[in-house]
Amino acid sequence: MFESIEQTIARLREQQYICDRKLATVVFLALQMRKPILIEGPAGVGKTELAKVVSAALGRALIRLQCYGGLDEAHALYEWEYGKQLLYTQILRDKIGQLFDGVDGLHEAVARLNLHEDVFFSERFLVRRPILQAIDSPDPVVLLIDELDRAEEQFEAFLLEVLSDFQVTVPELGTVTAKTVPFVIITSNNTRDLSDALKRRCLHLFIDYPDERRELEIVRLKVPALRETLAEQVIAVIRRLRALDLRKAPSISETLDWARALVLLDADALTPALLEETLHLLVKYERDTQRVSEQLTWIAEPIQGQSVPQSTTTTTPTPLPPQRPAEPDAMSLEQRRQEHTARYFTSYRGRTDGRTGGA
Amino acid sequence: MDAAINRFVFLLKRRGVRISPAESLDAMQALTRVSLCDRDTVRAILRCTLIKDVRDLSLFEELFDQFFSLPKHARSAEPATGLPPPPETSLQPSAAVAAPEAAGGRPDGDHAHEDLLDIRDYFDESQMATHFNAHQDPDDFSLAEFGQNLVLSRHRELLDQALRNALQLLKAQRVKHAHRAGELNFDEAVAALDADLIADAVTDLLDELSDTDLDENLLQKLSARVTGGIARLPELLKRHLERELALRQESLPTTERPARSRPDYRFTEQERRDMTEIVQRLCRRMRGARSYRRRIGPQGRISVPLTLRRNMKYEGIPFQPVLTRYRDEKPRLAVICDVSLSVRNTARFMLHLVYNLQTLFERVRSFAFVGDLVEISAYFDRLGIDEAIAAVFDGSLLDTEVDSNYGRALERFHNRYLAAVTPQTTVIVLGDGRGNRNPPQVWALEAIRRRAKRLLWLSPESRGSWRMGGCDMPLYEPVCHQTEVVRNLRQLGQVTESLLRRSVVRP
C-alpha cells in the first residue's frame, strides 16, 4: 500500500516507471478508495505498463484479461468443466452404487442422493477465469482488463457487478464476494465510447504523451547506452513529428525502439540521412511517411543547428510545422472520410469542435 | 468546501458535461484523502473523479482555472479567505454587460421565443468563455472582476432585479421582430432600433445600480467603459448586419422556394406497393449487430458442453450433436427527416420512406424537424400513412413555415434523444443540408456518428449543387459513413441495391 502521493511516485520510479503527479494521484486515490482506474490514451504511452509496475511495486500478482470481440463470461469469469463432471460420474459409478446399499424404496434413495447432490456442482468442477481468480484470490492482486473497448457492450454491463461490489454471481453456487479487494486497472484505446455506467464506477485517467523533460528522463532510464546529446536530439525530432498531423504519431514505445535502434547502429549523432533511413521505426502509415518526407527539412532543424540548449531545463511549447499551402479541394472525399475516422480514434486534442455547451 | 464542489459540478454540467451524483460524491470523498494544500493535486483529483470523457478535458481545465482562482479584487478585499472564492462569483454578474453582445451576435430574432432564463444562460456562457467583448476592445475592463465585487458586496438581489428589468426590455424588443423569422433580409432601421434599445437598457441598468450603495469608483469605471462600448455599438451592429446581408444576397438565387406546393399528400396504390417492396429489400439487406449470445440452431459449430450434456443419456456418446452460432440481431434505426418548405416536394417521399421503415423494422424512432425537432414515431405508429403525413405537414406538430435549421435540429437530437442511438443503431438523415446560414453544428453529427453503428445521409439534391449557396453538405458529408442522392423511388431502388451491400461490415 502506498502511503502518500510522493511515495507512489518514488515506488513507481523504483520499477523504472516515470510518472507525473497527476498519474500518481490517481493511482494513490484508487488504492485508497478501492476503486478501479479506467485509463485512456493513445497507443504506446504505457497504459498496460502501468498495471505491470503497480503490481510489481505492491508485490501483488498480476492477473490479465485481454479483451476481444466476442469475449463472454465463459472466458472472463468461470466455466463448468463438463468433461470432468462426466468423467467423475463414470469413475465413481461403483461408489454411487454403494451409496444405495440397504436402501429400500425409491424415496429413500432419492433422499440419500440428495445429500450428495452438491458434489457435482461444487467449486471443484469450476474453471476459474481471470475475473473469478482475482475475486477469489486469498492475497490481493492487480487485475488488468486490457483494451476493454474491443469487447462488446454487453460485456461491459456484466463487468459492472464486479467493479462496484467486487462480487460475482454464479447461479449454481451463489454469490462469490471478494476476500481481498483487487486493484483493477482497465485500459481502453477509445475505438468506441465506453458506457456511462462503467465510467461512473471508475476513476478516469488520461495518459498523454509526456512533456519533453519527462520523455528525456524516460529515454535515459530505459536506454542508458544512448549518448546524452543524441538523446536530446531524438526527443526534439520526436516532438516535431508529433506536431505534424499524422495518422499515428510516434509514442513513447516508438521513441524507445528508435533509441535502441540508434544504439545498435552505434550512431554518434543524428543526421538527416540517418533519420530518413530509420524513419520506418517511427512512422507506420504510407500517408504519414509522405507527409514526413515533405517536412523533413523542418524536422531535421534541431539536428543540424547544434541548438536546443534550453531543453533540459524548461519545457518549450510544442513547435508548429510551417504551414503548407491550403489545398482543400485536391483531397478526395474518401481520403477526408478516412481522416475523420482516424481523428476519432487516434487523437486527443480535447474538444476541437467549437462547442460552447448549453442548449 | 462541499458547496464549492457542488457549484463547480453544476457549472460543468451546465456546459454540457455529464456528471452523476455518484461522481460528485466520489470527488468529495477523494478530497478528504489528501491534504488540500496543493492546487495541482486538487485539479488531478477532480479531473479523475468528475471527467470521464477526454473530449471534456479542455473544458474542465478552462473552468477549473476560472473557478478556483482568487480574483485580484477579492483577494485585497478579503485576504483571510483560504479556500476558493464563493462560487457565485463566476455566475451572475457578467450578464449585465454581456447584453450588447448577445443582441449584436444574434440579430435575427432567434431568441424571440426563448424565455428570460434561456437568455441568461447564454450570458453566463459568454462570460465564462470570455467571448463577451468580441465587439469591444479586446483588452477591455474585466467585467468578471466587477461582478465579483458586486457579489462580494452582497448586492446580488439588487443586481438581479436590475438585470431582469433590462432583459425584459430587450425581450419585448425581440418579440416584436418575431414575424421576421422566415424572411431573408435585414434592414438597417432595425439595426439602429436594436442598438438604441440596448443602449437604453444598459443605461437603465446603470441607473438602477447607482441607486444601490456600491463603491462609487467602481461604478464610474464601469459606466465609462460601457458608454464607450455603447457609442460604438450601433456602428458595430450595422457592420455586422451589412456583412450578414451581403451573405444573404449571395445565397439568394439558390435558396428560393419551390413555386408550387402540393396540397394533396395522398399516395397511389402503385406508389405504396413499390415503396413497400423497396423497403423490404432494404430491410433484408441491413443486418443488425452480431448478437452476443450463441443460439442453438441447425447450423453452426458443435458446442462441446451442450453436446456432452444432451448426450449424457447415451452415456456420453454424442449421438445428438448440438450446434450453435451467433445470430444477427434485428437492425435498429433512427431516422431524422427534414420537412421544411424547401424540400417539400421530396419531403413527402421521404416521409413515405420513414413510414415504411417504421412499419417494417422492429425498432425505429423517427424525428422530423424544420426549425425545431420533434419525435414522430408515435404518430406514425398510430395513424395511417395519409393521416400521419398530413399531421406532419399541417403544422400541428411543428411549425413548417420557418426556415430549416440543421444545426439546431442536430443539437436538439444530440441533447435529447442521443440515448436512441446505440452501437446497433443505423442513423439515417434525410434532407438537403441547407441550414440557411445557421451554425451547422457538425460536432453534434460527429457525436451521433461516434455512437451509431452507421450514419447515412440521403439528400434529394444532386451532388453538383451541394457546393452552391449556403449548403452545409460539404461539411456534413465527410462525417457520414455514406451519403447518397435519393429523390424518387427509382433512385431509392438503385441506392438500395448498392447501399447496404457494401456498407454493412460484419464484426
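In this predicted model, S2(A) and strand S5 (residues 141-146) of chain A pair in the parallel sense over 6 bridges; strands are DSSP runs (E, at least two residues), and helices are DSSP runs (H or I, at least four residues), numbered from the N terminus. Two strands pair if DSSP finds at least two bridges between them. Within this pairing, Arg64(A) stands opposite Leu144(A). Both strands belong to an open sheet of 5 strands in chain A, ordered S2-S5-S8-S1-S9 with parallel pairing. Strand S2 (61-66) and strand S9 (203-206) of chain A each have a single partner strand, so one side of each is left without a neighbour in the sheet.

The contact between the chains (heavy atoms within 4.5 Å) is summarised below.

| Property, chain B and chain A | Value |
|---|---|
| Residues from chain B | 58 residues |
| Residues from chain A | 50 residues |
| Buried area | about 4800 Å² |
| Carbon and sulfur share of buried area | 54% |
| Salt bridges | 1 salt bridge |

Buried area is the accessible area (1.4 Å probe) that two parts lose on being put together, summed over both. The salt bridge (a side-chain nitrogen of Lys or Arg within 4 Å of a carboxyl oxygen of Asp or Glu) joins Asp26(B) to Lys35(A), with the closest N and O atoms 2.8 Å apart.

Residues are numbered from 1 along each chain as its sequence is written, and chains are lettered from A and ligands numbered from 1 in the order in which they are written. Local features need pLDDT of at least 70, side-chain atom pairs count only at pLDDT 80 or more, totals for chains, interfaces and linings use all residues, and side-chain values use heavy atoms, with hydrogens and water left out.
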